[in-house]
Amino acid sequence: MDERDIVRGALQATGIVKKGLQLKVGAIAAVVFVVALLFMGMLFPGGPAEAASCQDTGAGTSDASAESGASSGQATGTLHQQQISYAKTIDSVAKKYKLPGRATLIALMTAMQESTLQNLDHGHLDSVGLFQQRPSMGWGTKAQITDPTTGPEFAATSFFEGRGGNRGLVDVKNWQTLPLGTAAQKVQNSAYPSLYAGQESVMRALAKEAGIDVDRPGSAGTPTDASTGGAASAAPITSQNNGCPDTSQTGAGGGASSGTFTDGKETWTLHNPRSVAEAIQWAKDHAGANSTANWYQRCLAFTANVYGWSFSGVNYAIDHYKVVPASMRHDGDRHPPPGALMYWDTGHRAGHIAVYLGGGKIASNDILRPGYIDVVDAGLIESKWGAKYIGWTPPDFPKAG
């Protein structure tokens with residue numbers, strides 16, 4: 001776990017506020033609730049947005065540069081090439097212990113969440129390596145975990161087999177049929193256990209590219225069904241079939257009027273906390289050298305924050321395109337007005353969304369640096385990530401709050 005996880009996990013609590021507003025309460029309870037909201041506002045002023053725990057909000061495995069300040073033990077090449085290399089190492093360890101592909105997938109999801117699949121020499125407290133394992137907790141020495149040659153294999157072995165009194169994946173009861181994210185949490189003991197599940201679709205795609213079969217059987221660690229004497233009959237639960245909702249169909253929101261928006265033919269009234277001009281300036285002020293590192297795979301959260309919202313109210317960027325009224329969607333149109341929201345199909349469940357700043361430029365997370373916001377040419381999303389452009393909409397957030 002590191003600072004990114006802490007921020008993400010803390011802000012998931014805003015979902016409680018949203019649900020609370022839907023409750024029918026008496027006058028006294030309402031007053032108490034409003035006071036509570038004001039108090040929370042003082043504690044968390046303008047914090048980044050966060051969608052539900054199933055969130056999978058960005059491309060994430062692009063050919064971005066390696067994280068600055070990372071260990072010299074990083075695999076060579078772009079971040080994407082590093083991720084492919086480390087994924088193969090993790091899978092080789094799983095195969096060494098005759099574990100099924102499901103074990104590799106769980107490990108990949110964990111490493112992606114913890115370190116962006118990089119052999120980091122730093123982290124929260126003394127956490128280091130692919131899985132952000134802590135030497136002070138018995139996971140091995142820092143040198144063992146981060147060694148450029150042997151560290152990744154050492155860390156992966158620890159994740160699967162356990163080390164220093166810490167249990168590994170194979171020690172987790174029924175890990176083969178637990179939800180993937182739950183199995184990861186049983187090993188990691190993270191303060192924010194819901195974050196692992198959101199990495200599944202990205203890691204399945206990465207594994208496929210790396211030639212890793214995450215569905216292969218294994219001869220070790222495979223559950224059996226006493227009634228049949230064979231392999232367990234229960235289908236594994238994944239984050240993709242474990243209740244992740246399609247949030248594109250329901251809900252409504254609104255805010256203070258922030259002017260109008262036009263494409264030259266039609267004009268819409270906006271209801272965002274910030275005007276278009278204010279939002280564009282905010283995006284520029286929080287990009288480049290002024291960006292924090294908290295935006296990894298959080299493109300939709302960023303666009304909501306740009307316009308002054310605390311949360312978007314939608315799990316996936318691709319779903320937000322459906323949430324916006326059909327009359328506002330400009331399918332395939334490449335001439336959006338400044339302030340518009342642009343959308344891409346990245347080949348993953350989430351898709352990608354960015355704020356158009358004008359002059360062919362967008363403010364986007366992850367495209368140059370994982371976790372950071374940078375101002376880049378809009379076409380870079382397609383040329384660098386191989387994404388397919390969908391279209392643009394006015395900055396409308398029907399479910400935000």
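Select helix α11, residues 299-306. In this predicted model, the buried residues of α11 are Cys299, Leu300, Ala301, Phe302, Thr303, Ala304, Asn305 and Val306; buried means under 20% relative accessible area, exposed over 50% and partly exposed in between, with a 1.4 Å probe and protein chains only. Helices (H or I, at least four residues) and strands (E, at least two) are DSSP runs, numbered from the N terminus. Because 8 of the 8 residues of α11 are buried, the helix is largely enclosed by the rest of the structure.

Now show what surrounds α11. Its buried residues pack against α10 (276-285), α12 (317-323), β6 (341-345), β7 (352-358), β8 (361-365) and β9 (373-377), where contact means heavy atoms within 4.5 Å. Just after α11, look at Gly308, which takes a positive phi of about 90 degrees.

Next, colour the largest nonpolar core, which has 51 residues. Such a core is a set of buried Ala, Val, Leu, Ile, Met, Phe, Trp, Tyr and Cys residues joined through side-chain atoms within 4.5 Å. The members that touch the most other members are Phe302, Val306, Tyr307, Met342, Trp344 and Ile362. Helix α11 gives the most to this core, with 6 residues. Centre on Ile362: leaving aside neighbours within four places in sequence, its contacts include Met342, Trp344, Tyr356, Leu357, Val375 and Ile381. A second, separate core has 44 residues, including Ile84, Phe159, Ala183 and Ala210.

Move to Ala107, in helix α5. Ala107 is buried, with a relative accessible area of 0%. Not counting residues up to four places away in sequence, Ala107 touches Ile90, Phe131, Phe159 and Phe160. The C-alpha atoms of Ala107 and Ile90 are separated by 7.3 Å, and the two residues are 17 apart along the chain.

Two packed helices are described by the angle between their axes and the distance between the axes. To see the contact, show Arg102, Leu105, Ile106, Met109, Thr110 and Glu114 of α5 with Leu180, Gly181, Ala183, Ala184 and Gln188 of α8.

Thr116 has a positive phi of about 60 degrees although it is not a glycine. Most residues other than glycine have a negative phi. At 1% relative accessibility, Thr116 counts as buried. Gln132 lies in the loop between α5 and α6 and has a positive phi near 50 degrees. Gln132 is buried, with a relative accessible area of 5%.

Finally, zoom out to the protein chain, with 13 helices and 10 strands. Buried residues make up 52% of its 401 residues.

Residues are numbered from 1 along each chain as its sequence is written, and side-chain values use heavy atoms, with hydrogens and water left out. Local features need pLDDT of at least 70 and side-chain atom pairs count only at pLDDT 80 or more, while totals for chains, interfaces and linings use all residues.
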